[in-house]
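Subject: Structure handover

Hello,

Please find the structure below. My notes on it follow.

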Amino acid sequence: MRIISRFFVILLLVIFISLTAFCNEYSSLSEDAKVSEIELWITSQTYDPIRYEAGLMIGQKWEELGFKIKITPMEWATMSSKGMTGHEHDAFVIQWGGKAERIDPFHWLYTMHHSSETDVGKYNVAGYESSEYDRIAEQFVENMDMDKRRESAYALQEILSHDLPQPPIAHRIVTHAYNSMDFENTVMAMGEGMNSFWNWINITPKGDRKIVKFGYVNDVKLLNPLSTKTGADIYLLTMIYDPLVRVNIEGKPIPWAAESFDEIDDQTIEIVLREGMKFHDGKEVTVEDVKFTFDFAKEVKAPYYLSKINYLEKVEIVDNRTVRFTLNQPFAPFVSNALALVGILPRHIWEEKYQEKGAEGILNWDNLPPVGSGPFKFDYWRPNEELKLTKFAQHFNPAKIDGVIRIPYASAYGVVQGLKGGEIDSAGWSLLPLQVEELREVKHLTLKQVDDQGCYMLHYNLRKAPFDDVNVRRALTYAIPKKQIVDLVFEGMAVPAYSVVAPVNSFWHNPDIEKAGDDVEKARQILEDAGFRWDDKGWIYYPENYEVKKLFTK
Amino acid sequence: MQGILKYVIRRLLQMLLTLFVLITILFFMFRVIPGDPVSMYIEAGLGQEAQQVLLKQYGLDKPLFQQYIIYIKAVFKGDFGISFQYGKPAIQVIGERFWNTLILMITSLSIAFLLGIVGGAILAWKRGTVLESVGIIGALILRCAPVFWTGMIFLSIFAFKFKIFPLGGMNTPGTYFDFQYQKFLSLDFLKHLTLPALTASLYSVATPLLVMRTSMLEVIKEDFIELARAKGLKEWKILFKHAMRNALLPVITVFAVQAGLAIGGIVLVETVFRWPGMGREIVLAVAARDYPVAQTAFFLIGTMTVLFNIIADVLYAYLDPRVTWQ
């Protein structure tokens, strides 16, 4: 009897002690310390199957770490409004295009990460603020010496690879197809592929057909260079209007409508206009047109040009061939980002229209037919059916084809069928892996690839918990299965991304930075080292009395 | 005739009230749903200052009610606003594409109703036979199959495999026309019209077919049909001259209603066949939050639906002497 009762006492004691220990465990994991749920916004599957699938995979890995994840597919207009403008997001993915003006990484490094750009509607979507980063970013922008700028760019990439406010996930491999039976010498420019101006100026006919039929999803909208918004319109306008300078496929700005340009000091640039250029209506291109273009854009606050010419103080005509640009502060990317983007407008047409329509009306003007001085002239446009450009023979660098017919399709499926059936000769739409398989077999088509200079970027919101803590951000980023996404979602047609400046952009890309991704173990380690705790269900809790750490320090 | 006139005027006044309510609902609906016409261009390079310029240009910087007053005043003057995407008046954007859709719609509806009326009559006449079962099931299959799937099947057979018809579009790329109306007057256009019209018409044939069949079955039971048979008239003459004419009434009503709704269904056909029509434009306008174009397009559809309903009622009453005006 006594042995049994002693056993009972010991048993009771054991139960009591374990209960108290258990309760202690529970009481320290209070609800307040629980890390808040993360809502990951993804696009719908039809809009972009890549962001959809990648989002699901990322969410799954984050759940493995113990975070509560809610995945919400959202329509693009809503997502861009709430996220990019409203900053209401927790995390979502944007696919940033690799345009020519983004080769100088001013956009990636300054505009997207400087603390002055965190307001509603600006590009620092994550809300990243670091005084150290700001200091180096300003040096990057103001210094005219390319090597010094590169040093700054390297340092900036390194900081970002530790702080991870909006980590890149992958750079896709842009794949375009074209009819190699009838055309050759196509050019795949970094990021733009066959949409690039250099493709149009180089593509050569092999046989009798000298007009390229080009397919794209959706029609052009507005051929007004002041207020156009869509990427597709901009590609077309760059064929019709000539800028003073163009960025070549290596990323270097070369003189174009200007015969030469000279960076006199860090706030003054002078250009000498090429002689003998004509607009498509026969009138000569003069320095008055150049001055007019920039002054006019500033006066009517032309949306497309506005951010580019913000740094411009004044434009002066020095003599009948020279124009001087004076900036209000040193801005190294002015030549590649402003002079290379602003197409010269014919003053004799726009001045008259401006008198007629006023500042607001001129932004709404459909500008048909658009008259520029570029190598392609506008012929006709039947909305939603086709748009034709013909070669401008009097151009100083005429095209080798006689013209381009742009045919809009309703969906990527239509574009692929058009390529297959021979209705179009090439398409500026990057093919998805399944479509590549389908077109590889087609005899008259050749596929060409180029690494994208743009990237898929995951934007955290540092204004909200838990993304305000650098340890959480680092852990979440390490958990992203970048290699798996490249293999399964892109089917190998991409490169995992670690720096916001793509590897293909070889001058500016820093290869020696921290490479966060594909390592759930390391992610867990980071959280454990910082003191995070998990309950027995696996949900993650903050450490006791935790002070949120905003930035990474060694 | 006095009765008809009063009736029509009353219906038209009702229509105006309906349309006013419609415009108001459309206006507020588009501005209340999340998303705006500017944010989607940020990725392409539209900076913050530029966004503000555009919002001001679109009139979206003003308080909601003030925007509404401005809008209603303009609509009464016939100004439906300027498209955010295209910079052209919304009416012009729709007008450029409206005729393309209209021609496709009229062609496909005509074929559908022709086949439906004749087919429905024959099926009713041949009640109980295998032909009837096959006919009904066939029509239902075509109705249940997604219209874009049917379209893609036609494309892969007739356009890709046998290369009889083109892959899509309204005209062969590269053709130039001096005047817009000329693009409708060529053999090339007819070739391009065939597959999309066929797809759309086969999709919508089930409705008139089944309505006609039901109506015919009722008519066949009538005494005057028995009388005609007793008179010794040929079967085909009884079918077409006597039975069908009387059975046609419900089908006319259905035609009017279906015509009003047809624009919505044509979107998928336009997408598959790259037909430059209004249907697709509406989808794009909503996705781009191009309020003027979207509102105007929906308003147009609403107007057409109401108008066609009035026409249906008037026609029905005109054709059927048994119906009186109230």
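Chain A contains an open sheet of 4 antiparallel strands in the order E10-E11-E13-E12. Strands are DSSP runs of E with at least two residues, helices are runs of H or I with at least four residues, and both are numbered from the N terminus; two strands pair if DSSP finds at least two bridges between them. This is a predicted model, in which local features need pLDDT of at least 70, side-chain atom pairs count only at pLDDT 80 or more, and totals for chains, interfaces and linings use all residues. Residues are numbered from 1 along each chain as its sequence is written, while chains are lettered from A and ligands numbered from 1 in the order in which they are written.

The edges of the sheet in chain A are E10 (258–265) and E12 (312–319), each pairing on one side only. From one strand to the next, the twist averages 20 degrees. Inside the sheet, E11 (residues 268–273) and E13 (residues 322–327) of chain A are joined antiparallel by 5 bridges, with A:Ile269 partnered by A:Phe325. Helix H9 (residues 287–300) of chain A packs on the sheet and touches E11, E12 and E13 of chain A; its direction is about 170 degrees from that of E12(A). Axes here are lines fitted to C-alpha atoms, for helices over the stretch in contact, and angles run from 0 to 180 degrees between N-to-C directions. Contact requires C-beta atoms, placed from the backbone, within 7 Å.

Elsewhere in chain A, strand E7 (residues 211–217) is largely enclosed by the rest of the structure, because 5 of its 7 residues are buried (20 or more other C-beta atoms within 10 Å of the residue's own; 12 or fewer is exposed, in between is partly exposed, with C-beta atoms placed from the backbone).

The contact between the chains involves 48 residues of chain A and 41 of chain B. On the chain B side, H2(B) gives the most, with 7 residues.

Regards

Key. Two residues are in contact if their C-beta atoms, placed from the backbone, lie within 7 Å.
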